[in-house]
Structures are given as C-alpha cells and as structure tokens.
Amino acid sequence: MGIRRSKWAVAVSASLILTAVPAWAQSDAERVAELEAKTAAMEQQIAALTAGLEKLQANDSQTLRSEVIAATQTAQRAEKSANEWKNTTSVSHLAGYAAAGYTDQDNGTSAFNIASFNPIFHFQYGDRILWESELEIEVPEDGGTNVALEYSAIDLIINDYLVFVAGKFLSPLGNFRQNLHPAWINKLPSAPPGFGHDGAAPIAEVGVELRGGMPFGSRSLVTYAGYVGNGPKLMAMDGELTGIDTEGFTDNEDDKLVVGGRISVLPIPELVLGVSGAVGDATVTENDELAFADDPTRSYEVLGSDLSYRWNRLQLLAEYIQQKVDDDSSSVAPDGGKWKTWYVQSAYPIAQTRWEGVLRYTDFNSPDTDESQKQWSLGLDYVLAPSAMIKFAYEFNDGLNGEPADDDRWLVQVTYGY
C-alpha cells in the first residue's frame with residue numbers, strides 16, 4: 001500500500017514535470033524573440049542617435065570654426081587699431097591758445113575786454129605734406145562772435161632744408177608777427193604799437209613761399225624765407241592816406257604782385273640777426289570809408305631788421321620795420337606815406353620764483369597822426385606753467401593829445417597755450 005502510494009506520487013510528479021517543460025521552453029523562445037526585437041529596435045535607435053550626433057558634431061564644428069574666424073578677425077582689427085599710431089601715414093594734431101584780459105584806460109572805460117580762442121589745426125601726410133591753419137575766435141564789444149582765418153596753408157616738404165608753402169600764411173617779414181605775437185608767447189599783454197592792424201609790420205599774405213634753414217660751421221645756422229603774394233590795400237580819408245591793410249587778400253586790384261623775404265643768421269645759438277625786405281605796388285581801395293576802385297598804382301616797399309639775444313636768463317629783443325608808399329599826383333590821396341616802428345624789450349626771471357619782469361619801449365610813426373605813439377610798457381608775469389601765465393602791465397603812452405594813443409592804461413591778461 002505504501003509502495004503503491006509512492007509509485008503514484010512519483011508518477012504524478014513526473015507527469016507534472018513533463019507537462020511543465022514545454023511551457024518553460026515556449027516562454028524562453030518568446031523571451032528570446034522579444035529580446036531580439038528589442039535589440040533590433042535599440043540598434044536602429046542607436047544608429048539614428050549616432051547619425052544625429054555626427055550631424056550635430058558637424059554643425060557644431062562649422063559654428064565653432066565660424067566663431068574662431070570671427071574672433072580672429074576681431075583680434076586682428078584690435079591689434080591693427082592699437083598699432084595704427086605707429087604705422088600710420090597720416091597724423092592730425094590740434095594746438096592753439098586762449099586768452100582773457102582786463103584793461104583800465106585813462107579817459108576811457110574799464111572792462112574785461114579780451115575773450116579769445118585760437119585753435120590751430122595740423123594734418124600731416126607722411127613726411128612730405130603738412131596742412132596748417134589757425135582760426136581767431138573772439139568776443140567783440142557788442143557781445144557777438146568774430147571769426148577770422150589767421151592763416152591756412154599747405155606745406156610741401158621738398159627736403160631737409162626747403163619747404164614750399166601755398167595759401168594764406170603769416171608774413172615772414174620781421175620777427176614779432178611770425179614768431180612772437182601769440183598771447184602765450186608774447187610776454188606782455190599787448191603787441192608793440194605798429195605791429196597790429198594798419199601798422200608798420202605786415203600781418204599776413206596770400207601767395208606762395210619758400211622757406212627753410214641749414215647749418216653752417218659747428219654751431220651756426222642760417223634761415224631764409226622768400227614769397228610772392230597779392231600785397232596790401234591802401235585806405236584814404238579827406239585826401240590823405242590813413243591806413244595800410246595787410247591782412248592777406250585773395251584779390252589784387254593793383255594787378256601787381258609783391259615779392260619779399262627774410263634772412264636770419266645764428267652765428268651762435270643764443271643770437272639771431274635778421275633782415276627783411278619786400279617790393280611791389282599798392283593802390284587805394286577804400287576812400288572816406290567807402291569802397292573805391294581805379295586809383296592808380298604806386299610803389300610799395302618794406303624794410304626791416306631784428307635781433308634776439310639770450311644771455312643766461314636775460315632775454316633781449318629788438319626790431320625795426322617800415323612800410324612805405326610813394327607819392328602819386330593823380331591819386332585821391334596824392335601824398336605817399338611811411339609807417340615805421342621799432343622796439344626794444346628785455347625780460348628777466350626773478351631767481352627761485354615764478355615771477356618774471358619785462359620792460360619794453362616802442363616808437364611808432366604813422367601818416368595818420370592820431371595813431372602815432374611812443375610807449376613804455378612795464379610788465380610782471382607769473383608763470384603758471386611753461387605755456388601758461390598771468391601778465392600784469394602798465395603802459396605809459398605818449399601820443400596826440402586827446403587821442404586814445406595818449407592815454408596810459410593798466411592791463412591784466414591770463415593766457416594758456418596747448
């Protein structure tokens with residue numbers, strides 16, 4: 001009985017096992033198939049991802065390449081800009097000066113009568129061409145604004161010893177007008193009588209000029225300037241010459257050109273000796289304060305000499321210059337005239353201070369006796385910087401009684417050059 005039960009149990013167990021084996025086998029096959037399907041799907045997905053990644057990498061590489069190129073170009077432009085001042089063939093430069101002043105004149109008004117600004121422009125191309133120009137901008141008595149072109153010229157540098165100049169330029173005749181007149185250089189608040197408008201010294205010219213300099217010997221130097229220009233205009237009043245205008249004009253009513261120049265010698269660096277001269281024709285273009293034409297031409301000439309000397313800290317200046325116009329009996333102002341002036345000036349810095357004393361004497365004679373004047377000018381400068389100063393001066397003037405040229409005056413001026 002017990003043996004039968006055991007056999008029966010074994011038989012049942014075997015039957016169950018035999019029945020279960022096919023179910024397990026079928027389940028594994030399905031799982032294998034399922035796994036194979038999933039594997040194939042995964043392979044397709046991986047292939048798609050790989051293709052997408054390769055495309056993305058290609059796009060990123062192109063973008064990166066473009067960014068690198070753009071960054072390189074930006075860096076090159078920055079480097080070029082940073083080094084441009086070293087390698088440029090064109091250079092521009094702004095300079096100039098400004099002044100403000102006060103005048104208290106006997107028998108006249110006391111006023112802050114100077115407010116001016118003179119910008120100077122330079123533009124150079126290479127080492128052969130230079131353009132230079134100066135504007136004078138100032139406030140007149142009516143509170144407006146006056147603008148004048150002091151000079152504007154193109155300089156062609158021929159060689160180390162010669163420059164060709166064309167346009168409007170400061171007159172090369174004499175020393176003060178071309179070298180000393182800017183407010184930050186002139187050691188007194190005013191120009192010497194005869195070196196302003198209607199004076200004895202020509203102011204400017206429109207034409208062409210050759211100028212330069214060269215050394216000779218071990219310490220010596222010679223400078224030279226020669227020009228051809230349109231020349232001056234004459235003014236008449238009540239049948240007499242009253243003024244000579246040398247501002248520089250682009251017309252030439254006398255149809256004759258003026259030829260002139262200056263030569264200076266520096267036998268030693270501390271000493272300058274100069275001589276100037278010009279010849280040509282001039283004609284009356286203003287009569288009784290009205291425009292005038294068809295007056296005959298008459299001979300015109302300029303003569304001048306100048307000296308500059310520095311001994312230790314003492315500076316000495318001296319200059320003589322005259323403009324002369326001949327007689328002409330057929331003119332509205334038949335008598336000719338001579339405008340002449342001369343001055344001597346000394347300046348000496350006070351030791352261990354910023355103060356500098358200045359003394360100048362001038363004698364100016366004009367065909368218009370109202371303008372003739374003798375003047376002593378005593379000045380004291382306080383030097384703020386090499387190109388900035390405050391100037392105090394008192395002028396003892398001797399002119400025609402009752403005229404402004406006879407009135408003494410105080411002057412104060414602040415000026416700065418840059």
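S366 counts as buried because its relative accessibility is 10%, and buried means under 20% relative accessible area. The residue belongs to the loop that connects β17 (355-365) with β18 (373-385). The structure is a predicted model. Its 418 residues include 35% that are buried, and its secondary structure consists of two helices and 20 strands.

**The surroundings of S366**

- When neighbours within four places in sequence are left aside, S366 is in contact with K338, W339, E371 and S372.
- S366 and D198 are 168 residues apart in sequence, and their C-alpha atoms are 8.8 Å apart in space.
- W339, one of the contacts of S366, is also among the residues with the most contacts inside the largest nonpolar core.
- For the protein as a whole, 54% of the contacts between residues at least 6 apart in sequence join residues at least 24 apart.

**The nonpolar cores**

- The largest nonpolar core holds 28 residues.
- Within this core, the residues with the most contacts are L234, L241, Y300, I321, V325 and W339.
- Two or more residues of this core come from each of β5 (162-170), α2 (176-180), β8, β9, β11 (271-282), β14 (298-311), β15 (314-325) and β16 (337-349).
- Another core of seven residues lies apart from the largest one, and A95, Y97, A99 and L170 are among its members.
- Y300 touches P202, P232, I244, V258, A278, V279, G280, D281, A282, Q323, K324 and V325, if residues up to four places away in sequence are not counted.

**The sheet that contains β8 and β9**

- Four strands form an open sheet with mixed pairing, in the order β9-β8-β12-β13.
- The edges of this sheet are β9 (240-245) and β13 (290-291), each of which pairs on one side only.
- Strand β8 (residues 233-237) runs antiparallel to β9, and five bridges join the two.
- In this pairing, M235 stands opposite G243 in β9.
- In a regular strand, the side chains alternate between the two faces of the sheet.

- Strand β1 (residues 90-105) pairs with strand β2 (residues 110-125) in the antiparallel sense, over 14 bridges.
- T103 stands opposite A111 in β2.
- Four residues lie between β1 and β2, which form a hairpin, and N107 in the turn has a positive phi of about 60 degrees.
- Strand β2 is also joined to strand β3 (residues 129-138) by eight bridges, and this pair runs antiparallel.
- F121 stands opposite S133 in β3.
- The hairpin of β2 and β3 has three residues between the strands, and G126 in its turn has a positive phi of about 60 degrees.

**The second largest pocket**

- The volume of the second largest pocket is about 520 Å³.
- Its lining consists of 26 residues, of which E132, Y151, L170, Q178 and R211 are the closest to the centre.
- The elements that give two or more residues to this lining are β1, β2, β3, β4 (146-159), β5, α2 and β6 (204-216).
- β5 gives the most to the lining, with five residues.
- By class, the lining of this pocket comprises 13 nonpolar, six polar and seven charged residues.
- L170 is one of the residues closest to the centre of this pocket, and L170 also belongs to the core of seven residues.

**The cavities**

- A search of the whole structure finds three cavities of 30 Å³ or more.
- The largest cavity has a volume of about 70 Å³.
- S171, P202, A204, E205, Y227, G231, P232, T246, G248, V258 and Y300 form the lining of the largest cavity.
- This lining divides into six nonpolar, four polar and one charged residue.
- Y300, which is part of the lining of the largest cavity, touches P202, P232 and V258, among other residues.
- The second largest cavity contains about 50 Å³ of space.
- N230, G231, P232, K233, F249, D251, N252, E253, D254, T283 and T285 line the second largest cavity.
- The lining of the second largest cavity has two nonpolar, five polar and four charged residues.

Definitions and conventions: Residues are numbered from 1 along each chain as its sequence is written. This is a predicted model: local features need pLDDT of at least 70, side-chain atom pairs count only at pLDDT 80 or more; totals for chains, interfaces and linings use all residues. Side-chain values use heavy atoms; hydrogens and water are left out. On a 1 Å grid over the protein atoms alone, a cavity is a set of points where a 1.4 Å probe fits but cannot get out, and a pocket is an open set with protein on both sides within 12 Å along at least five of seven lines; lining residues have an atom within 4 Å of a point. Grid points are joined across faces, edges and corners, and a volume is the space filled by probe spheres set on the points. Ala, Val, Leu, Ile, Met, Phe, Trp, Tyr, Cys and Pro count as nonpolar, Asp, Glu, Lys and Arg as charged, and the others, Gly among them, as polar. Two strands pair if DSSP finds at least two bridges between them. A nonpolar core is a set of buried Ala, Val, Leu, Ile, Met, Phe, Trp, Tyr and Cys residues joined through side-chain atoms within 4.5 Å. Buried means under 20% relative accessible area, exposed over 50%, partly exposed in between (1.4 Å probe, protein chains only). Contact means heavy atoms within 4.5 Å.
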